[in-house]
Amino acid sequence: MDAVKECLRNVPKEARELYLNDAVPYLDGPLSPLQFYRDWIGPNKPCVIRNAFSDWPALSKWNPTYLREKVGSTVISVAVTPNGYADAVNGDRFVMPEERQMTFSSLLDIVEGKVKCSGVFYVQKQCSNLTEELPELTGDVQTHIPWMSEALVHKDHYENLYCVISGQKDFILLPPTDRPFIPYELYQPATYRQKEDGNFEIVDEEDTTKVPWIPLDPLNPDFDRYPSYRLAKPLLCTVKAGEMLYLPSLWFHHVRQSHGCIAVNFWYDMEYDIKYNYFQLVESLTNVVGSL
């Protein structure tokens with residue numbers, strides 16, 4: 001068992017020595033599909049791409065005035081939490097946001113401070129708020145990224161292009177080879193619900209299985225409880241308006257954003273190839289040996 005633990009400690013070290021960057025690189029523009037696949041998708045490495053969508057009308061149009069005129073009366077799904085953490089651990093619960101239906105203008109009133117509300121409001125629907133609920137805005141962005149689509153034909157959803165329209169996003173990224181140092185625990189699923197007095201309560205989901213989730217806060221890691229995390233080597237990067245992050249499949253990530261930030265995600269297919277098999281092997285061995 002000790003020999004297996006030592007091997008798991010060496011996997012991330014060798015990955016950093018052989019191919020991983022010490023920081024997330026910034027590219028001045030998009031590459032050809034073949035070159036992007038060879039340099040970034042194949043090696044499974046993140047990068048930030050500048051000038052990748054400078055022709056999008058959204059960069060200049062998407063301000064409160066335009067959005068009120070275009071989609072102000074449209075009813076959308078909005079996630080509400082007391083602290084801005086959606087789908088996150090709170091004590092011994094994995095808590096999902098309360099989902100509300102409101103007009104886009106009502107959301108803007110809250111974001112701009114015209115209406116005071118307790119809680120943090122966030123448009124984050126995984127099945128796409130943009131195409132499903134706000135199709136009037138799709139003409140201001142591309143429906144896909146051509147060079148990425150060509151590079152990723154015939155794969156499964158997991159590769160992510162994160163395009164920031166306004167504001168900025170701060171990322172903490174951890175490569176899949178650091179999995180042996182990242183703890184997981186099982187949590188009871190629950191949902192936030194705001195009471196009449198404005199405070200939030202946590203309501204357990206009934207008839208559900210426990211959810212595996214990372215209990216560690218990368219902004220303030222508890223090394224006494226999770227000492228193995230000292231061996232992890234997170235990468236930090238900031239993605240500003242007009243920039244695009246390529247977030248590779250299987251990478252762990254933590255995201256913070258500026259107030260009123262707007263971003264559009266493009267999900268592409270990953271290949272279930274030998275890299276995926278290797279990750280599953282590391283995952284299985286980590287679960288077997290427990291703490292390193």
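A polar contact is a pair of N or O atoms within 3.5 Å, where within protein one atom must be able to donate a hydrogen and the other to accept it, and where residues adjacent in sequence count only if both atoms are side-chain atoms. The model shown is predicted, with local features needing pLDDT of at least 70, side-chain atom pairs counting only at pLDDT 80 or more, and totals for chains, interfaces and linings using all residues. Residues are numbered from 1 along each chain as its sequence is written, and side-chain values use heavy atoms, with hydrogens and water left out.

View A. Glu159 belongs to strand β8 (residues 156-166); strands (E, at least two residues) and helices (H or I, at least four) are DSSP runs numbered from the N terminus. Glu159 counts as buried because its relative accessibility is 4%, where buried means under 20% relative accessible area, exposed over 50% and partly exposed in between (1.4 Å probe, protein chains only). The side chain of Glu159 makes a polar contact of 2.7 Å with the side chain of Tyr246, and one of its polar atoms lies 3.0 Å from the backbone nitrogen of Ser249. Not counting residues up to four places away in sequence, the residues that Glu159 touches include Ile41, Met148, Phe266 and Trp267, a contact being heavy atoms within 4.5 Å.

**View B. The largest nonpolar core.** A nonpolar core is a set of buried Ala, Val, Leu, Ile, Met, Phe, Trp, Tyr and Cys residues joined through side-chain atoms within 4.5 Å. In the largest one, of 44 residues, those touching the most other members are Phe36, Trp62, Ile145, Met148, Leu161 and Met244. Helix α5 (residues 104-111) supplies the largest share of this core, four residues. Another core, of 15 residues, lies apart from it and has Leu20, Leu245, Leu247 and Trp251 among its members.

**View C. The buried face of helix α8.** Phe279, Val282, Thr286 and Val289 are the buried residues of α8. Seen down the helix axis, they fall within an arc of 105° and so line one face of α8, the arc being that of the directions from the axis to the C-beta atoms. These buried residues pack against α1 (2-18) and β15 (252-257), while the face turned away from them carries the exposed residues Asn287 and Val288.

**View D. Positive phi at Asn44.** Asn44, in the loop between α2 (33-41) and β2 (47-50), has a positive phi of about 65° although it is not a glycine. Asn44 is buried, with a relative accessible area of 6%.
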